Amino acid sequence: MTALNITEPSFDDTELTALKECLDSKWVTQGPMTARFEALIAQAQGARHALACTSATSALHLAALALDLGPGDEVIVPALTWVTSAHAVEYVGARAVFADIDLATYNLDPTCVEAAITPRTRAITAVHLFGLAAPMTELVALAERHKLAIIEDAACGIGTHYMGRPVGTIGDLGCFSFHPRKVITTGEGGAVTTNRDDLAARVRILRNHGASIPRADDDQGPWTMSNFDDLGFNLRLSDIQAAVGVAQMAKLERLISDRRRVARRYDAMLQEEQTLFLPIGGDRGGHSYQSYVIRLRDGGRARRNAVMRALAERSIQTRPGTHAVHRLGYYRNKYNLTPEMFDNASLAEDTTITLPIIPNMSEAQQDQVVDALCEALR
Ligand SMILES: *Cc1c(COP(=O)(O)O)cnc(C)c1O
């Protein structure tokens, strides 16, 4: 019996070759390797622009800045998500307003989004949680009707499709993560995708200290200093990280098909377990299975935790799905939220378990997870 992690990156000599190429070139900040990585992301997601940055959190921050969100503005965010989907809205002084999720998909329930819209609402953050696309048809219709922008939190969404279309440009901006828990990784890293030239131009300036075009009143040449009309940030990815990303992108299709293979086998092995809800595969199988998340039908948080403990005792790493963000101190205190609000997000936080999906996971390893789980459920 081997110890099983919740996931692992897939590294081989191709990352080392790309890293050596980068180091040999002596160009290690944002440069040619980042441009190559961006072109691969743009191609994979069918985006006109892909702009690399330090994380999905910084991508979300850049998206909020590019849309000019600020004090007085409200942005609707799912109550079940990684906390920085909401933090990014608050970074710019806008207010994160939560909406409940659909328990079948763990994504925003459009009816709850509609109910949360006020005259101050400026945008919706559509999270493609665990690699399953949010209901974009309904969300885009709402956004058009109420003149709202859509930020896609596609942190889990590299390789995710919605009705045959890659995510990231269905809304105004898409925000991707390359953290090691995601499908491909650069250690830390992220990207913003968009089809809008104006937003791409804003992101480009804001991730690079706010440096815009060279000053027109100065002597023109490579030495000309930039103008700084914006309070920008340094959120650039380094070419060292991008080199790993270039090698990782070459494996994207294989990594996704491998995850789908493992997920289908979990589905087949667990479908008889009457006490479990299994993840749904999404329209035309567009789920990337960044996480394979099951939910216990019976019992609450204590029982779920007991199941996770039983798996840990057999050296199998699991995690709860993710947070119900309205229960976290910052939001609870700031907006007087109570744990009973957002029933579905709360139930999902209490009763979900993420099972291991590891690249090249063997059937024996998967059997080990399923055997331990079924025993723990009994
Ligand atoms: C992982 C994740 C993030 C944060 O990504 P980082 O690259 O670690 O900043 C944001 N939103 C969701 C939904 C995530 O899963």
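View 1. A polar side-chain atom of S177 is placed 2.7 Å from an oxygen atom of the ligand, a polar contact being a pair of N or O atoms within 3.5 Å. K182 brings an N or O atom of its side chain to 2.7 Å from a ligand oxygen, whereas A56 uses a polar backbone atom, at 2.8 Å from an oxygen atom of the ligand. Of the 390 Å² of accessible area that the ligand has on its own, the protein covers 89% (Shrake-Rupley method, 1.4 Å probe). This is a predicted model, in which local features need pLDDT of at least 70 and side-chain atom pairs count only at pLDDT 80 or more, while totals for chains, interfaces and linings use all residues. Residues are numbered from 1 along each chain as its sequence is written, and side-chain values use heavy atoms, with hydrogens and water left out.

**View 2. The shell around the ligand.** The ligand is surrounded by 15 residues, the closest being A56, T57, D153, S177 and K182 (a residue is near if one of its heavy atoms lies within 4 Å). The shell divides into five nonpolar, eight polar and two charged residues, Gly counting as polar. Helices α3 (56-66) and α4 (84-91) each supply at least two residues of this shell (DSSP runs of H or I, at least four residues).

View 3. The largest pocket has a volume of about 550 Å³, the space filled by probe spheres set on the grid points; a pocket is an open set of points on a 1 Å grid over the protein atoms alone, where a 1.4 Å probe fits, with protein on both sides within 12 Å along at least five of seven lines, and lining residues have an atom within 4 Å of a point. Among the 27 lining residues, W82, H179, R181, K182 and T322 are the closest to its centre.

Note on methods: Polar contact = N/O pair within 3.5 Å; in protein donor to acceptor, adjacent residues only side chain to side chain.
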